[in-house]
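Biologist: Please take a close look at one part of this model for me, the charged pairs. A plain account will do.

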Amino acid sequence: MLRRRRRATAPAGLTYENYLCLDRLLGAQRPIAEPPHHDELLFIVQHQTTELWVKLILHELDDAIRELRHDRLRSAFRSLDRIFVIQRQLIEQWSVIATLKPDRFAEFRPVLGDATGFQSVQLRMLEFRLGDKRPELVEEYDGSVRQDALRAAIAQPTVYDEFIRFLHRAGHPVPARHLDRTHSCHEEPDQEIVAVLRRVYEDQRAHAAEYEMAERLVELEERHQMWRFRHMRTVRRVIGDKRGTGGSRGVPYLASLVDRPLFPEIYAARTVLDP
């Protein structure tokens with residue numbers, strides 16, 4: 001007999017304000033420029049909202065991985081489709097920070113010191129879960145709780161790893177060595193996996209679920225790369241080609257990320273497809 005899910009009940013005294021912790025949320029924007037600069041609030045809100053959206057992406061990506069692990073593709077698709085909408089929001093959000101004029105940013109940029117978006121643990125975790133795994137980046141968080149979290153994240157299977165395991169369970173000739181791997185997009189495409197994916201694409205009717213999942217991974221990568229591209233173009237618009245905040249390489253580094261494929265075997269399969 002199926003158990004009925006209990007309906008959630010509201011705690012006594014719950015209000016919109018205390019449910020959303022608005023006192024802490026709206027008090028977390030603390031400009032530090034002296035004299036105060038009008039545009040610093042924009043800069044803070046832009047980055048804080050990005051962190052919130054990335055938190056939700058990680059939450060949904062974990063769910064998609066869990067559902068895929070249990071062959072519940074419809075549920076995995078639902079989480080991925082939600083991620084696509086969040087990614088669109090993040091891409092469009094660059095239009096807001098692009099209203100920051102270069103001379104205005106230069107007026108308060110010195111107060112940022114060594115703080116840089118490259119220090120974001122959540123963004124690193126997102127990259128790792130998509131397969132952009134660079135172990136050397138973990139060492140930049142020397143001896144901290146954040147470093148432990150990143151070490152755990154880089155060792156976890158990616159959404160692509162779970163897709164490869166699903167292909168194996170679905171009867172495709174996936175080599176056994178791939179079943180315990182943790183995917184890194186920095187490796188050369190494995191031609192045996194490329195052959196499996198080619199078979200999926202050349203007979204979509206027989207492998208509809210596999211095809212739909214592969215196409216969603218392409219969409220996930222495409223939107224992530226669009227976010228990277230808008231990031232690069234916005235930074236160039238605001239600071240040109242000078243070094244980034246905190247001494248990072250700025251635009252040249254961001255540009256190097258734009259064409260880095262996350263799931264190269266899916267693209268390699270397209271290259272060898274026959275009608």
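Does Arg-177 count as buried or exposed?

Modeller: Arg-177 counts as exposed because its relative accessibility is 53% (buried is under 20% relative accessible area, exposed over 50%, partly exposed in between, with a 1.4 Å probe and protein chains only). This is a predicted model, in which local features need pLDDT of at least 70 and side-chain atom pairs count only at pLDDT 80 or more, while totals for chains, interfaces and linings use all residues. Residues are numbered from 1 along each chain as its sequence is written, and side-chain values use heavy atoms, without hydrogens and water.

The side chain of Arg-177 meets that of Glu-192 in a salt bridge, 2.6 Å from N to O (a side-chain nitrogen of Lys or Arg within 4 Å of a carboxyl oxygen of Asp or Glu). This pair joins distant parts of the chain, 15 residues apart: Arg-177 sits in the loop between α9 (159-169) and α10, and Glu-192 in helix α10 (residues 191-202) (helices are DSSP runs of H or I, at least four residues, numbered from the N terminus). Glu-192 is partly exposed, at 41%.

Asp-132 and Arg-134 also form a salt bridge, at 3.3 Å from N to O. Here Asp-132 is buried, with a relative accessible area of 0%, and Arg-134 is buried too, at 8%. Both belong to a network of salt bridges that also links Arg-124, Glu-127, Arg-228 and Arg-260.

Arg-236 and Asp-241 make another salt bridge, 3.3 Å from N to O. Arg-236 is partly exposed at 34%, whereas Asp-241 is exposed at 55%. The structure holds 25 salt bridges.

Notes: Helix = DSSP H or I, 4+ residues; strand = E, 2+ residues; numbered from the N terminus.
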